[in-house]
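I opened this model to look up a few helices and a few single residues. These are my notes, in the order I took them.

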Amino acid sequence: GAEDPVGLAHHALADDLANYSAILGALERDDESFAAAQRAAALRERHAADDPKQQVMAAAELAYASFRHGDKAAAEAHWRRGIALVGTLADPPMDDALRMYNQLSLMLTLDGRPALGLPIAREGLAFADRHGVPARSPVRSNLLRALSDAQAETGDAAGAEQSIREAIAVGELSDGPDSPMLGRLYNSLGLVLADLGRYREATAALLRSEALQAGHPSAVEQATRRNNLAGAYENEGDYARALALYAQALAVLDGAEGDVSAQRRKLQVRQARATGLAGDPAAALDRLEALRAELRQAGDGETIEYAFATVLQAGMARLAGDPERGVPLLDAAEPLWKAQVPATHPVFVQMQRLRAEFARQRGDLATAASTLEAALARLHETGGVNAFSEAALRTDLAAVRLALGDAAAARRLLDQALPVMRQAVLPQQVDRAAAEALAARL
């Protein structure tokens with residue numbers, strides 16, 4: 001028989017409220033967005049409790065609104081409930097289903113749980129395959145971006161580049177080469193290229209992202225883009241420009257609605273790193289100490305962000321020549337990273353490099369040399385593809401070899417390192433500056 005016209009009217013009203021909630025969320029009016037999503041879900045529950053498709057839509061709407069409202073636990077529960085429901089349907093609402101996979105994966109990765117976000121993205125792509133979603137579908141592009149972000153955060157930068165380039169290719173086919181939707185994809189590409197040590201390519205990708213998204217009204221997203229671009233200039237060694245962009249990003253957050261304290265802390269952590277690299281590691285050390293205390297107070301003392309800040313603080317201790325402060329920081333950071341990411345993650349090579357430098361600062365050149373050689377071996381064993389990281393390790397080892405009296409070995413190492421550095425970064429970048437100074441001595 002014909003469907004109940006009253007029920008259809010309630011479904012249509014729920015759809016309108018859901019669309020309104022999404023618009024309010026995009027405008028960062030998160031409390032209003034959450035209220036509209038709750039009204040939509042209540043209508044679906046009251047008038048379509050036995051309709052699984054309507055319940056999927058309610059779960060999807062409540063999840064995203066809860067996330068924007070700051071309740072990540074509720075958002076995760078709604079997304080997982082919706083994903084479980086679509087798995088029971090022969091003909092699921094495909095847009096809602098794939099959006100839930102995508103958004104849950106992105107949230108888990110953003111929340112410092114990329115090891116959980118990675119399988120969700122892969123499950124979403126497999127779900128799309130099973131249901132015949134076309135290769136050029138924009139929802140597939142979004143899932144590939146979620147996959148790439150999770151791969152990058154778990155240390156698979158090469159896989160992440162492959163995934164995000166596939167996402168861009170799909171996005172250009174479906175939306176055109178100048179679509180603002182591509183801006184987020186180029187942002188992810190820029191971050192991945194930075195992980196691979198291809199810093200100038202990374203900056204170009206992030207500038208492309210900024211150009212495509214220049215009209216986006218979200219203060220949080222504007223601040224995030226400026227933060228990422230600041231990081232790209234920082235990697236190249238343009239510390240003054242990086243610090244200016246970090247300041248701009250923080251100023252943009254001042255105009256954001258809702259609680260942006262977590263985003264602000266992330267920016268401030270990276271701003272502190274740039275302060276140290278620009279020549280004031282003592283100030284950076286103290287600033288990172290305070291920010292780590294704030295993270296602990298916020299209940300984030302076991303997250304990747306806290307582990308990241310701890311390694312950064314150890315890096316500032318290295319620049320300040322303070323091994324007594326730096327080694328305990330590495331000892332604190334290592335178990336946190338081991339609990340969150342696989343052993344192949346490049347952060348473990350980074351920590352070996354820091355331990356070697358602290359040994360050198362203490363006068364233990366033999367331990368410094370063996371630790372650097374072990375770090376190089378680990379980089380190769382784990383499939384490390386960051387040529388700049390390898391060049392920095394070779395520069396450090398060259399300095400140790402020279403201190404041990406082996407100038408020939410130091411020259412060979414620098415001959416391998418300097419061409420990579422000169423192509424990748426500016427002369428004032430700290431690692432290149434150290435390499436050039438060492439070359440001048442030789």
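The entries below go through helices, helix pairs and single residues in a predicted model.

**Entry: helix α3**

I began with α3, which covers residues 52-68. I counted 17 residues in α3. From its first C-alpha to its last, α3 reaches 24 Å, close to the 24 Å expected at 1.5 Å a residue.

Then I checked burial. How many of the 17 residues of α3 are buried? Twelve are, and α3 is mostly covered.

I looked at both ends. D51 caps the N-terminal end of α3. A side-chain oxygen of D51 lies 3.0 Å from the backbone nitrogen of K53. Just after α3 comes G70, with a positive phi of about 95°.

**Entry: helix α19**

Next I took α19, residues 387-403. This helix has 17 residues and spans 25 Å from first C-alpha to last, close to the 24 Å expected at 1.5 Å a residue. Twelve of the 17 residues of α19 are buried, so the helix is largely enclosed by the rest of the structure.

I listed the buried residues. Among them are F388, L393, L397, V400 and L402. The buried list for α19 also holds E390, R394, T395 and D396. A391, A392 and A398 are on that list too.

What covers the buried residues of α19? The cover includes α10, α15 and α17 (347-361). It also includes α18 (365-381), α20 (407-424) and α21 (430-441).

At the start of α19, I found a side-chain oxygen of N386 reaching to within 3.0 Å of the backbone nitrogen of F388. After α19 comes G405, whose phi is positive, near 95°.

I stayed in α19 for R394. Is R394 buried or exposed? Its relative accessible area is 15%, under the 20% cut-off, so R394 counts as buried. Leaving out residues up to four places away in sequence, R394 touches L376, H380, L413, Q416 and A417.

A387 is also found in α19. With a relative accessible area of 41%, A387 is partly exposed. Its contacts are L196 and V420, leaving aside neighbours within four places in sequence. I also took a distance from A387 to E210. The two are 177 residues apart in sequence and 27 Å apart in space, C-alpha to C-alpha.

**Entry: α9 against α10**

I turned to helix pairs. Helix α9 holds residues 182-195, and helix α10 holds residues 199-212. Their axes come within 8 Å and cross at roughly 165°. That makes α9 roughly antiparallel to α10, because the angle is over the 145 degrees cut-off. The crossing of α9 and α10 is left-handed.

I wrote down who makes the contact. On α9 the residues are L182, G183, Y186, N187, L189, G190, L193 and A194. On α10 they are Y199, E201, A202, A205, L206, R208, S209 and L212.

**Entry: α14 against α15**

The second pair is α14 (residues 281-297) and α15 (residues 304-320). They pack at an angle of about 160°, with axes 9 Å apart. How does α14 run relative to α15, roughly parallel or roughly antiparallel? The answer is roughly antiparallel. α14 passes α15 in a left-handed crossing.

On the α14 side, the contact uses P281, A284, L285, L288, E289, R292, L295 and R296. On the α15 side, I noted E305, Y306, A309, T310 and L312 among the contact residues. Q313, M316, A317, L319 and A320 of α15 take part as well.

D238 lies in the loop between α11 (219-236) and α12 (239-253). D238 touches Y233, L426 and Q428, not counting residues up to four places away in sequence.

D175 is found in helix α8 (residues 157-175). D175 counts as partly exposed, at 38% relative accessibility. Beyond its neighbours within four places in sequence, D175 is in contact with P138 and M181. D175 and V260 are 85 residues apart in sequence. In space they are 31 Å apart, C-alpha to C-alpha.

Key: Residues are numbered from 1 along each chain as its sequence is written. This is a predicted model: local features need pLDDT of at least 70, side-chain atom pairs count only at pLDDT 80 or more; totals for chains, interfaces and linings use all residues. Side-chain values use heavy atoms; hydrogens and water are left out. Helices (H or I, at least four residues) and strands (E, at least two) are DSSP runs, numbered from the N terminus. Buried means under 20% relative accessible area, exposed over 50%, partly exposed in between (1.4 Å probe, protein chains only). Contact means heavy atoms within 4.5 Å. The expected span of a helix is 1.5 Å times one less than its number of residues. A polar contact is a pair of N or O atoms within 3.5 Å; within protein, one must be able to donate a hydrogen and the other to accept it, and residues adjacent in sequence count only if both atoms are side-chain atoms. Axes are lines fitted to C-alpha atoms, for helices over the stretch in contact, and angles run from 0 to 180 degrees between N-to-C directions. Angles under 35 degrees count as roughly parallel, over 145 as roughly antiparallel, 65 to 115 as roughly perpendicular and the rest as oblique. A crossing is left-handed if the near helix is turned anticlockwise from the far one by less than a right angle, and right-handed if clockwise.
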